[in-house]
Amino acid sequence: MSGPERDPHATDDPTGAGAPADQPVEEPVAGQPRRSGLRNPEAAVRGLGAGTLALEALVLLLAIQPVRVVGGDLSGAAIGVVVALAVAAVVLAGMMRRPWAWNAGTVLQGLLILGGLLHWSLFGLGIIFALVWAYALHVRRVILG
């Protein structure tokens, strides 16, 4: 092969809009929800939620040692709570197809904020990730309606 293979179903539209020139482009009709433009909006939103939870789990696990060294007295109970919350975040990230997983993710953010009773840094992380989760819920509502 001397060059890249051409997709037989691809259009020659230089704008990348994807609509053939002989067909009119659909305009949004008043009263109907606007389409997001995503091929699979449900999967995109699930990926956003799963990515958010996976990032949260990673940050929680990586934060244990610096908090222990710099933050002072991080008790064994606090470390156990952090590890349990990280495991719960990973499990929820894998279950984002379930409709209740979004509610469980919200509860997880509340539990992390309550973890602030064990150490102040958990409260700070809880606030940060609660804001990120709130943004993910906002994006979900905008895309899926």
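Modeller: Of the 145 residues in the protein, 26% are buried. Keep in mind that this is a predicted model.

Biologist: OK. How many helices and strands are there?

Modeller: The protein has 4 helices and 0 strands. Along the sequence the pattern reads α-α-α-α.

Biologist: And the contacts, what share of them join residues at least 24 apart?

Modeller: Counting contacts between residues at least 6 apart in sequence, 65% join residues at least 24 apart.

Biologist: Let's go through the helix pairs. At what angle do α1 and α4 pack?

Modeller: The angle is about 175 degrees, and the axes of α1 and α4 are 10 Å apart. That makes α1 roughly antiparallel to α4.

Biologist: What classes of residue are in that contact?

Modeller: The contact of α1 with α4 has 17 nonpolar, 3 polar and 3 charged residues.

Biologist: Now α3 and α4. How far apart are their axes?

Modeller: The axes of α3 and α4 are 7 Å apart, and the packing angle is about 160 degrees. So α3 is roughly antiparallel to α4. The crossing of these two helices is left-handed.

Biologist: Which residues meet there?

Modeller: On the α3 side they are Trp102, Gly105, Thr106, Gln109, Leu112 and Ile113. On the α4 side the list includes Leu122, Phe129, Trp133 and Arg140. By class, the contact of α3 with α4 has 12 nonpolar, 4 polar and 1 charged.

Biologist: What about α2 and α3, how do their axes cross?

Modeller: Helix α2 covers residues 76-94 and helix α3 covers residues 101-114; their axes come within 10 Å and cross at roughly 165 degrees.

Biologist: Why call them roughly antiparallel?

Modeller: Angles over 145 degrees count as roughly antiparallel. With a crossing of roughly 165 degrees, α2 and α3 are therefore roughly antiparallel to each other. Their crossing is left-handed.

Biologist: Which residues of α2 are involved?

Modeller: Leu85, Ala88, Ala89 and Leu92. In α3 they meet Ala101, Ala104, Gly105, Leu108, Leu111 and Leu112. The contact of α2 with α3 has 9 nonpolar residues, 1 polar residue and no charged residues.

Biologist: Take Leu92, then. Is that one buried or exposed?

Modeller: Leu92 has a relative accessible area of 8%, and buried means under 20%, so Leu92 is buried.

Biologist: What is Leu92 in contact with, leaving aside its neighbours within four places in sequence?

Modeller: Leu92 is in contact with Leu53, Trp100, Ala101, Ala104, Gly105 and Leu108. Leu53 is 39 residues away from Leu92 along the chain, while their C-alpha atoms are separated by 7.3 Å.

Biologist: Switching topic: the loop between α2 and α3. Which residue could we look at there?

Modeller: Arg98 is found in that loop. Arg98 is partly exposed, at a relative accessible area of 42%. Between Arg98 and Arg46 there are 9.6 Å in space, C-alpha to C-alpha, and the two are 52 residues apart in sequence.

Biologist: Back to α4. What should its span be, given its 25 residues?

Modeller: At 1.5 Å a residue, helix α4 (residues 120-144) should span 36 Å. The end C-alpha atoms of α4 are 36 Å apart, which agrees.

Biologist: Which residues of α4 are buried?

Modeller: They are Ser121, Leu122, Leu125, Gly126, Phe129, Trp133, Ala136 and Val139.

Biologist: And what do the buried residues of α4 pack against?

Modeller: The buried residues of α4 pack against α1 (41-70), α2 and α3.

Biologist: Some of those numbers are three or four places apart. Why would that matter in an α-helix?

Modeller: An α-helix has 3.6 residues a turn, so residues three or four places apart point the same way.

Biologist: Now Leu144. Where is that one found?

Modeller: Leu144 is in helix α4. At 38% relative accessibility, Leu144 counts as partly exposed.

Biologist: What does Leu144 touch, not counting residues up to four places away in sequence?

Modeller: Leu144 touches Pro41, Glu42 and Val45. Along the chain, Leu144 and Glu42 are 102 residues apart, with their C-alpha atoms separated by 7.1 Å.

Key: Residues numbered from 1 in each chain as written. Predicted model: local features only at pLDDT ≥ 70, side-chain atom pairs only at ≥ 80, totals over all residues. Heavy atoms only, no water. Axes fitted to C-alpha atoms, helices over the stretch in contact; angles between N-to-C directions. Parallel < 35°, antiparallel > 145°, perpendicular 65-115°, else oblique. Left-handed = near helix turned anticlockwise from the far one by under 90°. Contact = heavy atoms within 4.5 Å. Nonpolar A, V, L, I, M, F, W, Y, C, P; charged D, E, K, R; others polar. Expected span 1.5 Å × (residues − 1). Buried < 20%, exposed > 50% of the residue type's maximum accessible area, 1.4 Å probe, protein only.
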